[in-house]
Amino acid sequence: MDIENSNFYNFVIVGAGPAGLTAGITAARLGLTSIILERGGLAGPKPRGEGMANMPIVDEILGEGYLPSIGFKSNGGRVWHSPNDLQITTTYRKEDHYFFEWRKFIDRFTEVANALGVKLLFNSTVIEPIEKHGITIGVKYKNMDGQIHEVLGNAVLDCSGFEGVIGKRYGIDYTKMNCPIIKCLISNANFNIKENPDLEFFLLGNGDLNYSREFPPCVAYFFPLENRRAEVGLMLRMAQVPNMKTVMIPDNEEILRVWNEIKENYPGFSVFFKNCNIDYEEITSLPNAKIAEKFVPNPGVVILGDSAGFINPFGSSGLYYSMEMAKFWAGMITQDLEDFIKSKKLGIEINENLWTFNKIENYTIKFEEQHIYKEVKHMYNLIGAFEYKIFNRLRTSDKINKKWDYIASLLNQA
Ligand SMILES: Cc1cc2nc3c(=O)[nH]c(=O)nc-3n(C[C@H](O)[C@H](O)[C@H](O)COP(=O)(O)OP(=O)(O)OC[C@H]3O[C@@H](n4cnc5c(N)ncnc54)[C@H](O)[C@@H]3O)c2cc1C
């Protein structure tokens, strides 16, 4: 098949974020073709995570030493503040942790992908899957002019993040996985990096904010950067909310209103904002209430990265996990495709053999045997127990503060 002149690729990848780009890069290095469809005018059009540990996969995908070359090394400390900032406990990470600008980080993926011949199509919004005999064989997408096109392949990798455009079509319930989060970047912030070198997390229970009593439990965060800049924000923790009668799910307007109050008044947290400039502020979602139950929601489709809720929910770190997950699945499917390449001509005719019930089960088992899967699953179990205890059972500032020693012991395991 003449790949150049056709609309067929081994991998049809939805979304040019860290997961989609890692999958494309991995497949290209193994000699297979992929197309990445991205709805924005460039990869990762909106900034997301801007801090991660310098794990070997970052060198492998982006080049040796790339992260330190663009990053600012943090000391790895995390300070956890109890409600109303009455008590603190500090924990430390083992690995070197760097902060960087999203644009420098994500553009490097694009550079590597381009050099390897991965086809990147921007301004292309994927709208739905295409099926043949119950197997997903491609997707339909809309370009900037509103025209609908089709692209076919051996595997569709849904890497569209919390939107999960294809996963949603096959029953993945993102309303149960997504948590609203505010991302905000500030400059001229009121802190001294020597006195505040750690990441700071402020735990807020339900019922304590007199300006919004029914607001869900949440965590306000402050990540110090160089030159008195900081990344700050508010993560709503929704996992316990379905079982909490005292919580109302807020709309975006209410979340922003509460966020403004917290910036203005919250003990310990509001001090950072005195006379600062707000350079970026946006409300978005992060799927870290729940991991997806299936990674292959239909034969022919794999959901990866945020689309699968594959995030460490403590600290909401998903960059490393989405890269590892994407590399693993792209590599595993490539191995099977190679067997077909040896024996047959490539095309969608092989998809029925590639996506049998047994193969899907084997893929899932192999992934679930991986260290990264076990780590993420463990973190979800841990945070489930932690949030049940703190946010559901104890709930308010008085009660949480009384049990802080116990809570600190749990935080030391995160
Ligand atoms: C505020 C915030 C702070 C965070 N902080 C950290 C951190 O410090 N450290 C960390 O490790 N992680 C952090 N994360 C998490 C991390 O950013 C994500 O886990 C990671 O970006 C997931 O990568 P992804 O490729 O799966 O999804 P995304 O990065 O969300 O990429 C999805 C891509 O798909 C595109 N897309 C969506 N719909 C369509 C469609 N229909 N058609 C075509 N394209 C589509 C989007 O435009 C986007 O480019 C943070 C996230 C947020 C929101």
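This is a predicted model: local features need pLDDT of at least 70, side-chain atom pairs count only at pLDDT 80 or more; totals for chains, interfaces and linings use all residues.

Two packed helices are described by the angle between their axes and the distance between the axes. Here helix 1 (residues 18–29) and helix 8 (residues 319–343) pack at an angle of about 35 degrees, and their axes are 8 Å apart. Axes are lines fitted to C-alpha atoms, for helices over the stretch in contact, and the angles run from 0 to 180 degrees between N-to-C directions; helices (H or I, at least four residues) and strands (E, at least two) are DSSP runs, numbered from the N terminus. Among the residues that make the contact are Pro18, Ala19 and Thr22 of helix 1, and Leu319, Ser322 and Met323 of helix 8, where contact means that the C-beta atoms of two residues, placed from the backbone, lie within 7 Å. By class, this contact of helix 1 with helix 8 has nine nonpolar, five polar and one charged residues, with Ala, Val, Leu, Ile, Met, Phe, Trp, Tyr, Cys and Pro counted as nonpolar, Asp, Glu, Lys and Arg as charged, and the others, Gly among them, as polar.

Of the 39 residues around the ligand, Gly15, Gly17, Gly49, Gly305 and Gly318 come nearest, a residue being near a molecule if its C-beta atom, placed from the backbone, lies within 6 Å of it. The shell has 15 nonpolar, 17 polar and seven charged residues, and it draws at least three residues from each of domain 1 (8–50 + 101–175 + 290–369) and domain 2 (73–99 + 179–286).

The bounds of these domains come from an automatic or database domain assignment. The C-alpha centres of domain 1 and domain 2 lie 32 Å apart, and seven residues of domain 1 are in contact with nine residues of domain 2. On the side of domain 1 that touches domain 2, three residues are nonpolar, one is polar and three are charged.

We can now turn to single residues. Most residues other than glycine have a negative phi. In Asn84, however, phi is positive, near 65 degrees, and this residue sits in the loop between strand 5 (77–81) and strand 6 (88–92). Arg228, in the loop between strand 14 (218–224) and strand 15 (230–236), has a positive phi as well, near 55 degrees.

Why does Asn84 count as partly exposed? Asn84 does so because it has 18 C-beta neighbours inside 10 Å, and a residue is buried if 20 or more other C-beta atoms, placed from the backbone, lie within 10 Å of its own, exposed if 12 or fewer, and partly exposed in between. Arg228 is likewise partly exposed because it has 16 such neighbours. Glu264, which lies in helix 7 (residues 252–265), is exposed because 11 other C-beta atoms lie within 10 Å.

How values were computed. Residues are numbered from 1 along each chain as its sequence is written.
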